[in-house]
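Please go through the model below with the following description at hand.

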Amino acid sequence: MSAIYKQFQQAQQQLSNIEAVDYFFAKEMSQSLHCDSLLDNEQNSQIFHLLVALSESLRAGHTCLPLSAIANSHYGYRCDNQGIVMNHGFAFTDEISLAKLLVTVTDIPQQQVIVFHKNKLYLRRYFNFEQELLTFIIDKNEQAKDPSEQVFSQQHIKQCIEQLFPELSSEIAENEKPEQDVDWQKVAVANAINKPLSIIAGGPGTGKTYTVTKLLAALVMLNEKDNSRADKNIALVAPTGKAAQRLSESITKALQGFESLVGQQILAKIPQQAQTLHRLLGVIPNSVNFRHHQGNLLNIDVLLIDEVSMVDLPMMVRVFRALPRHCQVILLGDADQLPSVAAGSVLNDLAPKPHCGFSVENQQYLADITAYKHLYTSRKPTKREHATLAADHLVFLEKSRRFDGEGGIGKVAKHVINGNFKDSWSLLEASGKPSVNSDNNCNALRLLPTKIDNWLAGFVKSYYLPIFKLDTVAEAFKQLQKFRILCATRVGKQGVEALNEQVHNLLVQQGVITAFQTRYRGQPIMINVNNYALGLYNGDIGLMWQNDAGHLMAVFEQANNDYKWVNPARLPQHETVYAMTIHKTQGSEFEHVVLILPDQTDNKLLSRELMYTGITRAKQKLSIASLANVWRHGVNTKTQRYSGIDLYKK
């Protein structure tokens, strides 16, 4: 080992992007694997660099390192724009040779920290997390096949679906409507009712929350038919406080429209208050553990998790560990959005596109319940040649009510997620540029000048200045929700920090605040760390506002049009939030979004998933500031998370 790099600085000179944690991880692991005694110098060097690459992959959010991704590559090589070599890198050998080396050093008892499995290299904790998740999913799918596990009769399910979808209850013609006329919301509810695990996935505006609210109503209605059953204990959760708040609001709104379909007795039993995953599991102060786990299970019968794309692998496994076996699990989200910040891409792993097909039995069940036949079988076959598990648990909502396919926002979002630079950029160019310092252009989509000074003052005047002139905090929150500036990065001239400072300076110029004010009435703030004592969570957005006594307080919206007032001195770490990163906006929506991309074409944060997430935060209007070559780089860069989870292959 000592012959490879004596110090981190030597490794840094040889390998681009290496961090100190990668170097010391590889050094420590090489020693624990006894590489010096088992291998010659060249073999030892191959293993050391594999461990460096594994550490880097974990930092990037992967749960493993496939040998196919690293074999025969020149790892850590980098040259500048003039072709001058900056880092010479390291040459990995072929996949078969790497596999033989790893078998040699990992073929030791179970306590080995490194795992080599199916040509993928793991840190054991992530290998164990993946195996637990796979076991849970397979067990839930086996429950679905067991007749003794079926809670509701098919006849009662059909009656329930007809009641919840009355406009579609008339018999479908013998020749059946074409696939585009399928009501996927109806299919999703019918499919999930009798499944211990179900996933309802779809893009913005497809009605995921509306659909799942009908599903909850169906479960309560069916449970009511058997008077001997106790009421179901239903838990609604989301990864962040903001996402939980939006879930609560969406379900409350949906229930208000169900009064003609469902009796008040049923509606009253559907919960409307969501909570965070952390609060569900029970945070223990100053501990990484939770109160609920496999030794202290949650007392719930149905668990709905929204915004699953944001949930990392370790958290998802910890949630599943704490569930009683009979608990019905419903997962909701958009698999095209950014994956979780931490390791894993659970929703993407469990809901791959295109749909892998229903089993014959599930096809027949859905045909009997909904009258739709051959769902997910008339499409082109996938490349998953060795599929062993049908995707009976999964339904994609296909039709967006918000983006009908004709509007610019929906079109550009679709082109971006499909990797279509040409058509997405053509749409932006055709949208035209607005006049300087003006927001009078009513087009839903527009391309802004890349020079921020040309347009920022106009947006501040249109959207942020009015906040300071409003009388009530309710009006201020409504105004704040109309607009947000989204950035790909925190630093740099197109980053969050610079944009927030520019907005601050413009407000000073307008005479609304003074240059050195750090807290002022009308200031939007975002919480950066969880504080369970105050009930404030990372990502929560509030406003500084005066209470009835004239004291400046931090105010946060709550469910049922209520507000939480907090003394500023008690606030956890927070920041001003006229602009925010795209990552932080997951689970949020705004009437008008300005999306700003950095001007470097090699920015590692840029990807089509990042851009898609930012684009789809806009409900009505989207303005974009980007260079064409930066846009091309982002659209052409697909986020890939290495994982060993594949339910559809042997």
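This is a predicted model: local features need pLDDT of at least 70, side-chain atom pairs count only at pLDDT 80 or more; totals for chains, interfaces and linings use all residues.

Residues are numbered from 1 along each chain as its sequence is written, and side-chain values use heavy atoms, with hydrogens and water left out.

The protein chain contains 22 helices and 23 strands; helices (H or I, at least four residues) and strands (E, at least two) are DSSP runs, numbered from the N terminus. Of its 650 residues, 54% count as buried, where buried means under 20% relative accessible area, exposed over 50%, and partly exposed in between (1.4 Å probe, protein chains only). The protein chain exposes about 29,500 Å², and carbon and sulfur atoms supply 47% of that area. Accessible areas come from the Shrake-Rupley method with a 1.4 Å probe; for residues, only the protein chains shown count as cover. Among contacts in the protein chain with a separation of 6 or more, 72% are between residues 24 or more positions apart, contact meaning heavy atoms within 4.5 Å.

The buried residues are Leu313, Pro314, Met315, Met316, Val317, Val319 and Phe320. They pack against H6, helix H12 (277-281), strand S11 (302-305), strand S12 (328-333) and helix H14 (346-350).

Axes are lines fitted to C-alpha atoms, for helices over the stretch in contact, and angles run from 0 to 180 degrees between N-to-C directions. Angles under 35 degrees count as roughly parallel, over 145 as roughly antiparallel, 65 to 115 as roughly perpendicular and the rest as oblique. H6 passes H13 in a left-handed crossing; a crossing is left-handed if the near helix is turned anticlockwise from the far one by less than a right angle, and right-handed if clockwise. On the H6 side the contact is made by Arg125, Tyr126, Phe129, Glu130, Glu132, Leu133, Phe136 and Ile137, which meet Leu313, Pro314, Met316, Val317, Arg318, Phe320 and Arg321 in H13. By class, the contact of H6 with H13 has 10 nonpolar, no polar and five charged residues. Here Ala, Val, Leu, Ile, Met, Phe, Trp, Tyr, Cys and Pro count as nonpolar, Asp, Glu, Lys and Arg as charged, and the others, Gly among them, as polar.

A second pair consists of helix H9 (residues 208-224) and helix H10 (residues 241-256), which pack at an angle of about 65 degrees with their axes 9 Å apart. H9 and H10 are therefore roughly perpendicular to each other, and their crossing is right-handed. Thr209, Tyr210, Thr213 and Leu216 in H9 meet Leu247, Ser250, Ile251, Ala254 and Leu255 in H10. The residues of this contact divide into six nonpolar, three polar and no charged.

Several residues in loops and helices follow. Ser588, in the loop between strand S21 (579-581) and strand S22 (590-596), counts as buried at 2% relative accessibility. Leaving aside neighbours within four places in sequence, Ser588 is in contact with Lys242, Arg246 and Arg617. Val512 lies in the loop between helix H20 (496-509) and strand S16 (524-527) and is partly exposed, at 29% relative accessibility. Beyond four places in sequence, Val512 is in contact with Leu465, Phe468 and Leu507. Ala11, in helix H1 (residues 8-14), is buried at 0% relative accessibility.

The last points concern backbone geometry. Most residues other than glycine have a negative phi, and most peptide bonds are trans. Lys118 has a positive phi of about 50 degrees and counts as exposed at 60% relative accessibility. Glu307, in the loop between S11 and H13, has a positive phi of about 55 degrees and is buried, with a relative accessible area of 10%. A cis peptide bond, with omega about -5 degrees, joins Lys353 and Pro354.
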